[in-house]
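Here are my notes on the model, as numbered points. Please read them with the structure open.

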Amino acid sequence: MNRALASEMPAKARPLSEEYRIAAKAWVDLDGAARLLEETKTAVLSQRMKQQGDMPVSKAELIVKASPEWADFIQKMCKARTDANLAKVRLEWVRMKFQEWQAMDASARAEMRLGRH
């Protein structure tokens, strides 16, 4: 199936495998963005502390961590992780839909076998 067309289809018309692919891609992208912020936190802190000039490290750290820019960075980092977690939940929801469908399909087949005998 053409992925561009599948992404434009209404969710109800998409095969579960395509829903899963779309949800998985969203999670991977959001998780990558969150990890990038988390992994660069120390480097960003160090860069901002260095910009404070020649002063004790503890004072530079205090100034940076008290700044609105640092608060904004931390909020963005936390929001990115929350967004990634929400995307992961969506991915698991698609997996659960498939498992429910699989169970219902197996039950229907079992009922049909019982009805034939």
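**Notes on the model**

1. Tryptophan 70 and phenylalanine 73 are both buried, where buried means under 20% relative accessible area, exposed over 50%, and partly exposed in between (1.4 Å probe, protein chains only). The two residues sit in helix α4, 3 residues apart, which is about one turn of the helix. Helices (H or I, at least four residues) and strands (E, at least two) are DSSP runs, numbered from the N terminus.

2. A word on the basis of these notes. The model is predicted, so local features need pLDDT of at least 70 and side-chain atom pairs count only at pLDDT 80 or more, while totals for chains, interfaces and linings use all residues. Residues are numbered from 1 along each chain as its sequence is written, and side-chain values use heavy atoms, with hydrogens and water left out.

3. The aromatic pairs number 2. In the pair formed by tryptophan 70 and phenylalanine 73, the ring centres are 5.3 Å apart and the planes lie at 20°, so this pair is stacked. The rule takes rings of Phe, Tyr and Trp (its six-membered ring) as paired if their centres lie within 6.5 Å; planes under 30 degrees apart count as stacked, over 60 as edge-to-face and the rest as tilted.

4. Which residues does tryptophan 70 contact, leaving aside its neighbours within four places in sequence? They are Lys41, Val44, Leu45, Arg48, Val64 and Lys65. Contact here means heavy atoms within 4.5 Å.

5. The largest nonpolar core has 8 residues: Val44, Leu45, Met49, Ala60, Val64, Trp70, Phe73 and Met77. Two or more residues each come from α2 (16–50), α3 (57–65) and α4 (68–116). Such a core is a set of buried Ala, Val, Leu, Ile, Met, Phe, Trp, Tyr and Cys residues joined through side-chain atoms within 4.5 Å. As background, nonpolar side chains in soluble globular proteins tend to be buried together.

6. Helices α2 and α3 pack with their axes 9 Å apart, at an angle of about 110°. This angle makes α2 roughly perpendicular to α3. On the α2 side the contact is made by Leu45, Arg48 and Met49, and on the α3 side by Val57, Ala60, Glu61, Val64 and Lys65. By class, the residues of this contact are 5 nonpolar, no polar and 3 charged. Axes are lines fitted to C-alpha atoms, for helices over the stretch in contact, and angles run from 0 to 180 degrees between N-to-C directions. Angles under 35 degrees count as roughly parallel, over 145 as roughly antiparallel, 65 to 115 as roughly perpendicular and the rest as oblique. Ala, Val, Leu, Ile, Met, Phe, Trp, Tyr, Cys and Pro count as nonpolar, Asp, Glu, Lys and Arg as charged, and the others, Gly among them, as polar.

7. Glutamate 61 belongs to helix α3 and is partly exposed, at 28% relative accessibility. Beyond four places in sequence, glutamate 61 touches Leu45 and Met49.

8. Glutamine 51 is in the loop between α2 and α3. Its relative accessible area is 64%, so glutamine 51 is exposed. From glutamine 51 to valine 64, 13 residues apart in sequence, the C-alpha to C-alpha separation is 9.4 Å.

9. Is glutamate 19 buried or exposed? Glutamate 19, found in helix α2, counts as buried because its relative accessibility is 3%. Apart from neighbours within four places in sequence, glutamate 19 is in contact with Ala11, Arg14, Arg90, Trp93, Val94 and Lys97.

10. Alanine 34 is also in helix α2 and counts as buried at 0% relative accessibility. Not counting residues up to four places away in sequence, alanine 34 touches Ala80, Arg81 and Ala84. Alanine 34 and alanine 84 are 50 residues apart along the chain, yet their C-alpha atoms are separated by 7.0 Å.
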